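My notes below follow the order in which I looked things up.

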Amino acid sequence: MTSIRPWRDIARRTSRQIMVGSVPVGGDAPITVQTMTNTLTSDPVATINQIRRCEDAGADLIRVSCPDVESTAALGKIVRAARIPIVADIHFHYQRALEAADAGAACLRINPGNIGSNARVAEVVRAAKANGCAIRIGVNAGSLEKDLLEKYGEPCPEALIESALDHIKLLQDHDFHEFKVAVKASDVFLAVAAYMGLADAVDCPLHLGITEAGGLIGGTVKSAIGMGNLLWAGIGDTIRVSLSAEPEEEVRVGFEILKSLGLRTRGVRVVSCPSCARQGFDVIRTVEALEARLSHIKTPLSLSVLGCVVNGPGEARETDIGLTGGGNGKHMVYLSGVTDHTVQSEDMLDHIVGLVEAKAAEIEAATSDAGQSDAGQSDLGQVTEAAE
């Protein structure tokens, strides 16, 4: 069937699906957003508090580093407190992987090649199978194997792909298939080329990331360019935006990338102008305030905030709620794309927040009613079948 707007269509790469705890990754599952804590995992209180903030921001999965026995000792408490699956980040010490699996981690992030001998890889696989753990193979341009660097002379797409395929074989040789793979690099060109090549070579889910991307602004731009390219091409099943910023910011940026491509919807999508001398109110400060006050909204809906009537009415036609600046402190409000009423500058923020909250409640109620109706139809069908 032809789409109404085919220029918006993204044909996702076909991958097999795995489960990370209760969360499906790959196949036709939604692209998941994850982040990583930066607290000491050995401090479960601080780590759980940070996980709560990431959960509130919408994280689907969260990774914690397990560099020592104190960290894996605290992991059980963290897993029990978290509302989303926990991925344990393991490097070098295979014993930490065994402890993390026993502590309830839903996934182990490892490089099979740096775990040690084949016997140790076999132990990790046995622990993963016994505990229902998935594994994420994490290849990184900054820590490629020495033999591959000697072979290729530098980190390159072919080296990252070969490393990933070698690690995949290690797991498959032990009849383990519940894995996803990342081939990350801080260089956007390198990362994109490596992921595109790997996507053609394997059918497992791919974890996307531009590693060590930078600070909040620079890292967001690099991540959006790199992962945006891949996601637009249909590549990617789970993403992590790597920023020198608080992990909940990584979650927000990840969702914004997915929202911009129509791949996930969560919360308020704001359409706003950069402002100019025509603005009827301070657009920049208004948008900042609205984003802060509406961050608790999880229901997908759209809000346009434009400072004047040049593009304001046109943008408002495409959003659930619209605000366009007018003269003498009186501004036009649009509901479902239609001119509805005006609001004064001094009342504007509270008024828009109230409208968005009411719209979100309306959407949630309609969704709930539809779900109950579907359940009722299902029950009726079961009764009819029983009567027959």
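Which residues of the largest nonpolar core touch the most other members? I note that this is a predicted model. I looked up the core and found 80 residues in it; Leu-108, Phe-179, Val-181, Leu-206 and Leu-231 touch the most other members. Helix H8 (residues 188–201) supplies the largest share of this core, eight residues.

I then followed Val-181. Leaving aside residues up to four places away in sequence, Val-181 touches Ile-137, Ala-164, Ile-168, Leu-198, Cys-204, Pro-205, Leu-206 and His-207. Another core, of 20 residues, lies apart from the largest one; Val-268, Phe-281, Val-305 and Val-353 are among its members.

Next, the sheet. I read eight strands in an open sheet, in the order E8-E7-E6-E5-E4-E3-E10-E9, with parallel pairing. At the edges I found strand E8 (179–184) and strand E9 (207–208), each pairing on one side only.

Strand E5 (residues 86–89) pairs with strand E6 (residues 107–110) in the parallel sense, over three bridges. Val-87 has Cys-107 in E6 as its bridge partner. Helix H1 (residues 44–57) packs on the sheet and touches strand E3 (32–36), strand E4 (61–65) and E5. The direction of H1 makes about 155 degrees with that of E4.

Last, two helices. The axes of helix H3 (residues 94–102) and helix H5 (residues 118–131) come within 9 Å and cross at roughly 5 degrees. That angle makes H3 roughly parallel to H5. Tyr-94, Ala-97, Leu-98, Ala-101 and Asp-102 in H3 meet Arg-120, Glu-123, Val-124, Ala-127 and Asn-131 in H5. By class, I list six nonpolar, one polar and three charged residues in this contact.

Key. Residues numbered from 1 in each chain as written. Predicted model: local features only at pLDDT ≥ 70, side-chain atom pairs only at ≥ 80, totals over all residues. Heavy atoms only, no water. Axes fitted to C-alpha atoms, helices over the stretch in contact; angles between N-to-C directions. Helix = DSSP H or I, 4+ residues; strand = E, 2+ residues; numbered from the N terminus. Parallel < 35°, antiparallel > 145°, perpendicular 65-115°, else oblique. Contact = heavy atoms within 4.5 Å. Nonpolar A, V, L, I, M, F, W, Y, C, P; charged D, E, K, R; others polar. Pairing = 2+ DSSP bridges. Core = buried A, V, L, I, M, F, W, Y, C linked by side-chain atoms within 4.5 Å. Buried < 20%, exposed > 50% of the residue type's maximum accessible area, 1.4 Å probe, protein only.
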